[in-house]
Amino acid sequence: MDKYKLVKKERQPAPEGEIRVTAVGRVAAYVSYIAKLLVDEGKDKVEIKAQGNALAKAVTLAEVAKRRIKGLHQITKVGSSEIEDEYEPLEEGLDKVVTKRFTSVVEITLSKTALDTSALGYQAPLPEDQVKEVDLEELSRPRGRKGGGKGPSKGKGKGEKGKGKGDKGKGKGDKGKGKGD
């Protein structure tokens, strides 16, 4: 396949209320977007969609959102999708190549109003004692993480008293070098 180049496909933008989770997106950013849609903009439901490597992140996102926003009903659908990749030849005389592959897909619907309770994959809202509602400012504010600041480093360098062996230098203290000392 080194004589072919993958043809990039045009992606259609996600409709309002649909969140397409990627493997590289941050869960906290998705959660704050869901809160913005459901709480601030008053939307009734959101759909979380993911495929391939992003499946676990989508499930995590739904669980975190249910623990931050009260009364969310959930329906989860799992399936597969066929993807066609088209390759253009880099040399003349070669034909286009089309490959087909299947990937796993998950669609999670979160709604403030009751959904079809008989649907396969339905989950009722969590009890209120398990939900810790957080306002939008708290969700969008970065949480404390190690490093990244401009403060003094915690590394051990050569510096003031109390660090290292002082004047002695390397070695075994008073003993000399070698085996016989």
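Let me begin with strand β4, which gives the most to the lining of the largest pocket, with five residues. This is a predicted model, in which local features need pLDDT of at least 70 and side-chain atom pairs count only at pLDDT 80 or more, while totals for chains, interfaces and linings use all residues. Residues are numbered from 1 along each chain as its sequence is written, and side-chain values use heavy atoms, with hydrogens and water left out.

A pocket here is an open set of points on a 1 Å grid over the protein atoms alone, where a 1.4 Å probe fits, with protein on both sides within 12 Å along at least five of seven lines; lining residues have an atom within 4 Å of a point. The volume, about 940 Å³ for the largest pocket, is the space filled by probe spheres set on the points, which are joined across faces, edges and corners.

Its lining has 27 residues, and Lys9, Arg11, Gln51, Ile83 and Arg101 lie nearest the centre. Two or more residues come from each of β2 (18-20), β3 (45-51), β4 (73-89) and β5 (97-111); strands are DSSP runs of E, at least two residues long, numbered from the N terminus.

I turn now to Thr76, in strand β4. Its side chain makes a polar contact with that of Gln74 at 2.8 Å; the term denotes a pair of N or O atoms within 3.5 Å, where one must be able to donate a hydrogen and the other to accept it, and residues adjacent in sequence count only if both atoms are side-chain atoms.

Finally, Ala14 lies in the loop between β1 (4-6) and β2.

Conventions:
Helices (H or I, at least four residues) and strands (E, at least two) are DSSP runs, numbered from the N terminus.
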